[in-house]
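Please consult the sequence and the model while reading.

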Amino acid sequence: LTERDFIEELKKGRREAYSRLLELLGDKIYSACAGLLQDREDAEDVSQEVFAEVFRSVGNFRGDSSLETWIRRIAVTKSLELIRNRQRAKRFGKIISLFGKEDLVGNMNPGTFQHPGVSLENRELSAVLFSAIRQLPANQRTAFTLHKLEGLSYNEIAEAMQVSVSSVESLMFRAKSRLRQLLGRYYEENIR
Amino acid sequence: MVMNAKEEWIDRVMASLDGAGKAEWEKAGKEMVLDRILQGSGAAKSLLPSYLVKAAAVILLLAGLNALTMAFYGKNQTEAQESSVATDNDSFTYLNTYNL
């Protein structure tokens, strides 16, 4: 079965085709969402949304990119949307608390996120890194996570984020600099 | 020395995600999404999209309302026309009486 035939099966709404799609890409998409969102429930919800969107929009898929790239792009867009909404809500919560009102939004990410793919010996350090990643702007966070955690090349990240490769390079450079700055501050306050 | 320890620690943290595996989506989650997206879909649905069903329902509703309106007001209108004819006849009768 070629990719084109497979896409035709998806367009016809065949259950077997969707079952196969989930088998092939379900874990990849879920893993990317889990890394980006740092929350298993959010990752579950967004992954479901991604495949629902695939079902709704596969009829318009022209095949300019591979099916995997197209689905990853949907996943990144939806994850970015959620991250930005959360960051906006957090900022709003801070403004509310400035006026002496209760922080309505509260802490968006209580506790430390443990990515299931991280080895036991790296859990402690990766928890610190994840907490620093949360402080990054959404697009830097996305580029860094897709590269570090999902092992995507700059080209693949550019396709997923719909930006140029040079933009990805710039995002990665800024993300790394900012992370080193944040980790340095954390070291001064907690480790030293 | 302190700077080296700090930089070394930062490097270790930055490398802590190297070689990390993929998070796996539970099978139940995949089943759920499969049921959710394919709920009620199938050959019948692909032949008759939901917007067509909705459009047909609206047309039927409008046709039904039209039929009801016709049945109700159509009857009244007939009566009105009949009484109008009767009035007209009366007038003519009046004119005829006086041979005008």
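## The interface of chains A and B

About 3600 Å² is buried between chain B and chain A, and carbon and sulfur atoms give 65% of this area; buried area is the accessible area (1.4 Å probe) lost by two parts on being put together, summed over both. Within chain B, the residues that lose the most area to chain A are B:M14, B:L17 and B:W25, together 22% of what that side buries. Contact (heavy atoms within 4.5 Å) joins 31 residues of chain B to 42 residues of chain A.

The model is predicted: local features need pLDDT of at least 70 and side-chain atom pairs pLDDT 80 or more, while totals for chains, interfaces and linings use all residues. Residues are numbered from 1 along each chain as its sequence is written, chains are lettered from A in the order in which they are written, and side-chain values use heavy atoms, without hydrogens and water.

## Salt bridges

The interface of chain B and chain A holds 8 salt bridges, each a side-chain nitrogen of Lys or Arg within 4 Å of a carboxyl oxygen of Asp or Glu. B:K6 forms a salt bridge with A:E188, with the closest N and O atoms 3.1 Å apart.

## Two helices of chain A

Helix α7 (residues 154-161) and helix α8 (residues 165-191) of chain A, which are DSSP runs of H or I with at least four residues, have axes that come within 8 Å and cross at roughly 105 degrees. Axes are lines fitted to C-alpha atoms over the stretch in contact, with angles from 0 to 180 degrees between N-to-C directions. Therefore α7(A) and α8(A) are roughly perpendicular to each other, a term for angles of 65 to 115 degrees.

Conventions
Parallel < 35°, antiparallel > 145°, perpendicular 65-115°, else oblique.
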